[in-house]
Amino acid sequence: MRFQHHQAVLDTRPDVAWMEVHTENYMGGGSPIRCLEIIRRDIPISLHGVGLSLGSAEGLDQAHLDRIWQVAERIEPDLMSEHIAWSVSGGTYLADLLPLPMTEEALAVVCRHVDQVQSTIGRRILVENPSTYMQFRHSTMPEWEFMAAVAARTGCGILCDVNNIYLSAKNHGWDPLAYLAALPSDAIGEIHLAGHSARQLADGGTLRIDDHSSRVIGEVWSLYETALQRFGPVPTLIEWDQNVPPLDVLVEEARHADALIGVASDGVRRADAA
Amino acid sequence: MGSGVPTLLEIQTAMRRGLLDDGHARVAALLDDALAPADRLRIYRNTSRTALTNALRLNFPAVQRLVGEDFFAAAAETFITREPPQTAWLDLYGESFPEFLQSFEPAASLTYLPDVARLERAVDHALHAVHAEPLEYPQLLDIEPSVHRRLCFTPHPSVSLVFSPYPVDAIWRAVLTRDDAALAAIDLSTGAVWLLVERRAGEIEVAQLDERPWKFAEALFAGHSLSAALAVADDPNAAAWLAAHFAAGHLSDFALSNTESLVVAGHAQ
């Protein structure tokens, strides 16, 4: 949900299971946070942060963490999430989710920061797997091991972005099914889906870019079905925030996801009954 | 960088420099992907630049419409390189953008542009300022009347003052309401404006003050003692202006200065 939707949401109280907003858009004391407080009375809210920079070698920005804590205190979100990435270096916010080397050092930094966040805000958070366009030559573990280790060491959950798994796997030659299989099922608290685009490199290769500007592609839907079979009916969000299409296209995409979750739920119920 | 395995700090420093200065050699040496390191870094750089340019566009919408999309993007590119943000809370990014525009050679002929940007910065502050309870007059009743002149006030975080030798409030309104007729009718020689910008019940208000009440407010909001602010005002109506600030909730705290002369409240004992 974005600011331009506030009035429409307040007026119509749409029949949605929950909503996700960017935490950074509600840090001021003006009308956005007040609108969200009102919406929150009827609709569960997920606070999705993009700027905390869990992977910064130089430590977390305490003022930013305090702002996140203040938003969480006022909104009492059902879910809170951040990214396995970094955005701050040398006191500069670089405004993108930048890739980490997959090393023990980076893992220790991320875990220390997840511990710090969870103890400061008094809530469990989810961490999202990134979309990446480069790999560092001295990485010592695959990304799926890194994700699983963060969850195991800190007790945090995982926001599994299925589109990110798909495109990072394509970009780096990984097996997306092996990635899904390595994630701890009981840690998965949310799933993201999105569209992406492809870009030609100077050497003729292709990189897939996460840009949230189109329909979810068929291969990602298939991977999502596999994820639901493995993780169960997890709350799912389709990210589409560039070149936003007519509402009926969005609804169609959401219905497709709902239908697949329905299949997964039936599977769970059958398993329960057995 | 040493010959061994680079540390996380070294990697992030190299990436930051590559993103800000658009150089990729240091980053290329770190990558496993032998192919097209510059292209890979550029994907991150583009995302970063787009996000920051959008933040400036949101915070300075009237400036953007006045100069057009391409000009704004070029100005933003230079500004972002010189003064990237220090925090991920981008609602207030561009604190020094008005001063940057003042020294930005291609915009030199648009003399009023930096002041439009200053007004937009004040509006941005008003929109996003943290919540604060206004100071109520009864909270001062315990203060000895003999020391009233040493009172210093903290303005409400959403309130700020803007002065311009041009009618920037009229320009700002006409641009944002896309009122081309009003914009065409603006005469830059109509003279200076003294503005007070604030958030009232969630809405932004930009009000014109007369010069003397504005200067009184300027001294008061800067944390100078009441005595000093009254001296700046030099007007028998100043007490009424102070009462109006209380009534409008423009003040959020007070302290007692150890002097009546011009001092900043934060330094008062």
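Colleague: Are α7(B) and α8(B) roughly parallel or roughly perpendicular to each other?

Modeller: Keep in mind that this is a predicted model. Helix α7 of chain B covers residues 113-128 and helix α8 of chain B covers residues 168-176; they pack at an angle of about 75°, with their axes 9 Å apart. An angle from 65 to 115 degrees counts as roughly perpendicular, so α7(B) and α8(B) are roughly perpendicular to each other.

Colleague: Which residues meet there?

Modeller: From α7(B) there are B:Asp115, B:Val116 and B:Leu119, and they meet B:Val168, B:Asp169, B:Ile171 and B:Trp172 in α8(B). The residues of that contact are five nonpolar, two charged and no polar.

Colleague: Next, the sheet in chain B. What is the strand order?

Modeller: The order is β2-β3-β4 in chain B, an open sheet of three strands with antiparallel pairing. β2 (160-164) and β4 (203-209) of chain B stand at the edges, and each has a single partner strand, so one side of each has no neighbour in the sheet. From one strand to the next, the twist averages 25°.

Colleague: How many bridges join β3 to β4 in chain B?

Modeller: Seven bridges join strand β3 (residues 193-200) of chain B to β4(B), and the two run antiparallel. Within this part of the sheet, B:Glu198 stands opposite B:Glu205 in β4(B).

Colleague: And which strands do the two helices touch?

Modeller: α7(B) packs on the sheet and touches β2, β3 and β4 of chain B, with its direction at about 20° to that of β3(B). α8(B) also packs on the sheet, touching β2, β3 and β4 of chain B, but its direction makes about 50° with that of β3(B).

Colleague: Changing topic. How many residues does each chain put into the contact?

Modeller: Chain B gives 40 residues and chain A gives 41 residues. On the side of chain B that touches chain A, α1 (8-21), α3 (37-59) and α7 of chain B each supply at least two residues. That side of chain B has 23 nonpolar, ten polar and seven charged residues.

Colleague: What is A:Ala106 in contact with?

Modeller: Leaving aside neighbours within four places in sequence, A:Ala106 is in contact with A:Gly55, A:Leu100, A:Pro101 and B:Leu8.

Note on methods. Residues are numbered from 1 along each chain as its sequence is written. Chains are lettered from A and ligands numbered from 1 in the order in which they are written. This is a predicted model: local features need pLDDT of at least 70, side-chain atom pairs count only at pLDDT 80 or more; totals for chains, interfaces and linings use all residues. Axes are lines fitted to C-alpha atoms, for helices over the stretch in contact, and angles run from 0 to 180 degrees between N-to-C directions. Helices (H or I, at least four residues) and strands (E, at least two) are DSSP runs, numbered from the N terminus. Angles under 35 degrees count as roughly parallel, over 145 as roughly antiparallel, 65 to 115 as roughly perpendicular and the rest as oblique. Two residues are in contact if their C-beta atoms, placed from the backbone, lie within 7 Å. Ala, Val, Leu, Ile, Met, Phe, Trp, Tyr, Cys and Pro count as nonpolar, Asp, Glu, Lys and Arg as charged, and the others, Gly among them, as polar. Two strands pair if DSSP finds at least two bridges between them.
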